[in-house]
Every structure is written in C-alpha cells, then in structure tokens.
Amino acid sequence: AENPDKPAYIMANSGQVVSYRELNERSNRGARLFRSLGLGLGDNIAIFMENNAAFLQICWAAHRAGLYYTCISSYLTAAEVAYIVGDCGAKVFITSQDKADVARELDGQIPGVEACLMVGEAISGYLSYDEEIAKQPDGPIADEYEGSDMLYSSGTTGRPKGIRLPITGAPLGTPRSPVDLLGTLYGVTEETIYLSPAPLYHAAPLRFNMGILKKGATSIVMERFDPEGALALIERHKVTHSQWVPTMFVRMLKQPAEARGKYDLSSLRLAIHAAAPCPIEIKQKMIDWWGPVLSEYYAGTE
C-alpha cells in the first residue's frame, strides 16, 4: 500500500522485477484460487520448481491463506517427489514448464492430489497456473491467516521426514518465527537489499526471503549460483545483506584475483552463513577480503 512500485524482488539473471503491487495482487489471486479449490486453514500444497519469478508469489498465496507449503528440491526424481507429495498430504501440486519431464512421469503417481498446476506452458494433465489465477479477483480473501512452510529433512537416515510446525489460526501478520526478528537480529529495514544466491526450496533461503518481504525490503534472487556473478550483483544492486553456505565462499575465493578485485563490495554490511561448518581458514580469508561483516548461525528446520 505504501510503496506499490518498489521492487519486492528481482530475478538476477533475467532482470525481471516483481513489484510489491504485483506480488500482492498475484498472491491474492493465488489465495483465492486455493479457496476455490476447497483448501482451508491447515491444508497443504506442494511446490516443485526451480528458482523463478512465480515461486515466492505462490508461497505468499499459500501463506496468506493459512496453508502449509511444502517446497521440494528441484533435483529429485519423480519417485522421490511423489513420496513427499503423498506424505505431506498435499491437495494441490504446482510445478513449472522447466520441470515438465519429471512432471510428466508423476502422472498417476500422486493420487491424493486434487489439482495439478504448471507455471508456464502447461503439459497434458496439468492446468496452467497463470491462466487459473488470471480468472480470480486480485483483492484479498476474507479469511487471511498465517500459514507456514512444511519442509522435509534430507533423508540421511531413511526417507525424508516432514517438519510440521503448528498453524494456529493467527491473523495474517502475527509474528510467529525467528525470521520475523530479522530487524532485531540483522538490522533489516525497508532499505535493505538482500542477495539470495541459493535454491528457494531450502529452509534458509525460503524463510529469509519471506522475512525480507515482510519487512518491505528488496531481494535479489539468483536463478542459480555463479561465483563472479554474485560479486557483480553486489556491486550492481548495492547489496547490503546476503546469505551463503561455505561452499560458495570457497568457489568465490577460487576466482582469479582480477575477478575478485574488480567489484565494489563496500555496500555489504552483513554476510550471513550457515548450513555447514565453515573451515577456519576459509572464514579468515573471507574476513580479510570482505571485512568484519560475516555472521554465522547454526539452526535446524525444526
């Protein structure tokens, strides 16, 4: 309402800008679509997509409708996807044209799903997500609640296990998770420019992006990580906050000295890292390069 034309997020490679007005309208339409399909408080949708401009719109549509949204690794096989979709009890399955090969294999493997939708040109057996939300009004639903992600473990001790945090029926906007404390923990404000270099189906990128958008800031979402490309994005967008895993640090440090030295990184105030222990020598090299801006945390999806 206050800054409708401000970029909510920018897709790094394509340059596509999604404004707060567009995010609001498309997530409203998505929430209305879910209601029209019979989904109510505490029901589940599953999302199987690469990083694209629709991803966060769909998450927000589910979130404001009080639904669970299970984001599935875009690298899984059809059988692996089918297990998670069935286990989480998803009533709606959303994928993309980019994942059409796997989506085609899933035909008949997810019997509990009542509607299958595809972002982009839809294949046989799938409705077009874009066409379906276009039929819906862009105003908010009457019953907006706080939804939640329902993510899955990596499955190192067997099949992946779903982590189902409670949906309480709290009104949309009610603070409920540590990510709602981004301002307190990391100084995130409306002026923050956040670089997100990782797949959105992972817990930290998903939750931090949702939190960044709650604060009215702007995210730069990389479709896929590229070490020099990430440095260029920090300079181009004057990125203030970012989040990484140690492997990304290693790959950036392996860039030629010319590539590492030619970008202005002075806007960067915080480089958050997690997901794996960071070797001492790697962390020291990053501090020597970027300055004292690193912040490490340990956490669990639970």
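# Notebook: a walk through a predicted model

Entry 1: I began with Thr-240, which is buried because its relative accessible area is 7%. My cut-offs were these: buried means under 20% relative accessible area, exposed means over 50%, and partly exposed falls in between, with a 1.4 Å probe and protein chains only. Residues are numbered from 1 along each chain as its sequence is written, and side-chain values use heavy atoms, with hydrogens and water left out.

Where does Thr-240 sit? I found Thr-240 in the loop between α8 and β13. Helices (H or I, at least four residues) and strands (E, at least two) are DSSP runs, numbered from the N terminus. I then listed what Thr-240 touches, leaving out residues up to four places away in sequence: Thr-192, Ile-193, Ser-267, Leu-268, Arg-269 and Leu-270. Contact here means heavy atoms within 4.5 Å.

Just after α8 comes Lys-238, with a positive phi of about 55°, although Lys-238 is not a glycine. Lys-238 counts as exposed because its relative accessible area is 58%.

**Entry 2: another positive phi.** I noted Ala-275 too: its phi is positive, about 80°, and it is not a glycine. Ala-275 is in the loop between β14 (270-273) and α11 (280-290). Is Ala-275 buried or exposed? At 74% relative accessibility, Ala-275 counts as exposed.

**Entry 3: helix α2.** Next I turned to α2 (residues 55-64), where ten of ten residues are buried. Phe-55, Trp-60 and Arg-64 are among them. After α2 comes Gly-66, whose phi is positive, near 70°.

**Entry 4: the cores.** I looked for nonpolar cores, meaning sets of buried Ala, Val, Leu, Ile, Met, Phe, Trp, Tyr and Cys residues joined through side-chain atoms within 4.5 Å. The largest has 42 residues, and Phe-34, Ile-45 and Ile-58 have the most contacts inside it. Which element gives the most to this core? Helix α2 does, with seven residues. A second, separate core has 29 residues, including Ala-198, Phe-225, Ala-230 and Leu-294.

Setting aside neighbours within four places in sequence, its contacts include Phe-34, Leu-39, Ile-58, Ala-62, Ala-90 and Val-92.

**Entry 5: Ala-90.** Ala-90 is buried because its relative accessible area is 3%. Beyond residues up to four places away in sequence, Ala-90 touches Asn-44, Ile-45, Ala-46, Val-85, Gly-112 and Val-113. Ala-90 and Phe-34 are 56 residues apart in sequence, and their C-alpha atoms are 12 Å apart.

**Entry 6: Leu-127.** I found Leu-127 in strand β7 (residues 127-128). Leu-127 counts as partly exposed because its relative accessibility is 42%. With residues up to four places away not counted, Leu-127 touches Cys-116, Leu-117, Met-118, Ala-122 and Glu-132. The C-alpha atoms of Leu-127 and Ile-47 are separated by 14 Å, and the two residues are 80 apart along the chain.

**Entry 7: stepping back.** Last, I looked at the whole chain. I noted eleven helices and 15 strands. Buried residues make up 53% of the 302 residues. The C-alpha atoms fill a box of roughly 55 × 45 × 35 Å along the principal axes. Among contacts between residues at least 6 apart in sequence, 72% join residues at least 24 apart.

How do the 302 residues compare with a compact globule? Such a globule would have a radius of gyration near 19 Å, and the protein chain has 19 Å, which agrees. The radius is taken over C-alpha atoms, and the globule rule is 2.2 Å times the number of residues to the power 0.38.
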